[in-house]
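Here's a quick briefing to read alongside the coordinates. Have the viewer open and pick out the residues as they come up.

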Amino acid sequence: PVPCLVPIKFGEDSHSQDGTLDDPHLMSSDASLDGSISKSPSTTRETTVAFHPLVTVTPILTHQSYSSRANARLYVPQHELAAAVARNTREFTYEGWDWRNVIEEEGMYVCPANGEYIHPAHVMGR
């Protein structure tokens with residue numbers, strides 16, 4: 001796949017007559033990571049995002065285009081994905097469903113056999 005420059009295409013309902021985006025979520029950069037919006041008491045200004053009319057598009061191959069070896073490295077089997085979802089759900093529940101409470105490596109246990117980190121959610125008696 002070779003990258004190429006193409007004009008940006010918007011859906012019919014995503015922009016107004018003058019070509020600007022109507023969706024306020026795409027226009028505002030005043031929102032912080034936690035979703036709160038900060039406004040300066042002395043000044044009020046609207047911040048917008050604009051895109052260059054030509055963008056680089058890199059085609060992405062479908063999973064059928066890869067060899068079985070590449071597919072095995074890129075895609076996770078369903079049973080492994082289900083186990084990871086269950087593990088992540090248990091850990092996130094332990095953390096109170098709040099990303100601010102995520103437990104980093106220094107808060108985890110270390111397996112003496114292999115040195116891997118163990119989330120406290122998986123330790124007996126917790």
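What follows is a short tour, from the whole chain down to single side chains.

This is a predicted model, so local features are only described where pLDDT is at least 70. The protein chain has 3 helices and 4 strands, and in sequence order they run β-α-β-α-α-β-β. Buried residues account for 10% of the 126 residues.

**Whole chain**

- The protein chain exposes about 10,700 Å², and 58% of that area comes from carbon and sulfur atoms.
- Take the contacts between residues at least 6 apart in sequence: 41% of them join residues at least 24 apart.

- You'll find His-119 in the segment after strand S4 (117-118).
- Is His-119 buried or exposed? With a relative accessibility of 3%, His-119 is buried, because the cut-off for that label is under 20%.
- The side chain of His-119 makes a polar contact of 2.7 Å with the side chain of Glu-95.
- A polar atom of the His-119 side chain also sits 3.0 Å from the backbone nitrogen of Ala-121.
- Which residues touch His-119 once neighbours within four places in sequence are set aside? They are Glu-91, Tyr-94, Glu-95, Ile-103 and Met-108.

**Salt bridges**

- The count comes to 2 salt bridges.
- One of them links Glu-91 and Arg-87, with the closest N and O atoms 4.0 Å apart.
- Glu-91 and Arg-87 are 4 residues apart in helix H3, so about one helical turn separates them.
- The two partners get separate burial labels: Glu-91 counts as buried at 17% relative accessibility, whereas Arg-87 is partly exposed at 39%.
- Another salt bridge joins the side chains of Arg-100 and Asp-98, at 2.9 Å from N to O.
- Arg-100 itself is partly exposed, with a relative accessible area of 48%.

**The aromatic pair**

- How many aromatic pairs does the structure hold? There is 1.
- The pair is Phe-92 with Trp-97: their ring centres are 5.0 Å apart and their planes meet at 75 degrees, so the arrangement is edge-to-face.
- Phe-92 is partly exposed at 28% relative accessibility, while Trp-97 counts as exposed at 52%.
- Trp-97 belongs to the loop between H3 and S3.
- The backbone at Trp-97 is worth a look too: phi is near 55 degrees, a positive value in a residue other than glycine.

**Nonpolar surface patch**

- Val-76, Leu-81 and Val-85 make up a nonpolar patch on the surface.
- Leu-81 belongs to helix H3 (residues 78-94).
- Leu-81 is partly exposed, at 42% relative accessibility. That value lets it into a patch, because patch residues need over 30% relative accessible area.

**Gln-64 and its loop**

- Gln-64 sits in the loop between strand S2 (54-57) and helix H2 (68-74).
- Buried or exposed, which label does Gln-64 get? Gln-64 is exposed, with a relative accessible area of 61%.
- The side chain of Gln-64 makes a polar contact of 3.1 Å with the side chain of Thr-62.
- A polar contact of 3.5 Å also joins the side chains of Gln-64 and His-63.

**Tyr-109 in strand S3**

- Tyr-109 lies in strand S3, which spans residues 109-110.
- The relative accessible area of Tyr-109 is 34%, so this residue counts as partly exposed.
- Tyr-109 and Val-123 are 14 residues apart along the chain, and their C-alpha atoms are separated by 8.5 Å.

Note on methods
Residues are numbered from 1 along each chain as its sequence is written. This is a predicted model: local features need pLDDT of at least 70, side-chain atom pairs count only at pLDDT 80 or more; totals for chains, interfaces and linings use all residues. Side-chain values use heavy atoms; hydrogens and water are left out. Helices (H or I, at least four residues) and strands (E, at least two) are DSSP runs, numbered from the N terminus. Buried means under 20% relative accessible area, exposed over 50%, partly exposed in between (1.4 Å probe, protein chains only). Patches are made of residues with over 30% relative accessible area and no salt bridge: like charges are joined within 9 Å, nonpolar side chains (Val, Leu, Ile, Met, Phe, Trp, Tyr) within 5 Å. Accessible areas come from the Shrake-Rupley method with a 1.4 Å probe; for residues, only the protein chains shown count as cover. Contact means heavy atoms within 4.5 Å. A polar contact is a pair of N or O atoms within 3.5 Å; within protein, one must be able to donate a hydrogen and the other to accept it, and residues adjacent in sequence count only if both atoms are side-chain atoms. Rings of Phe, Tyr and Trp (its six-membered ring) pair if their centres lie within 6.5 Å; planes under 30 degrees apart count as stacked, over 60 as edge-to-face and the rest as tilted.
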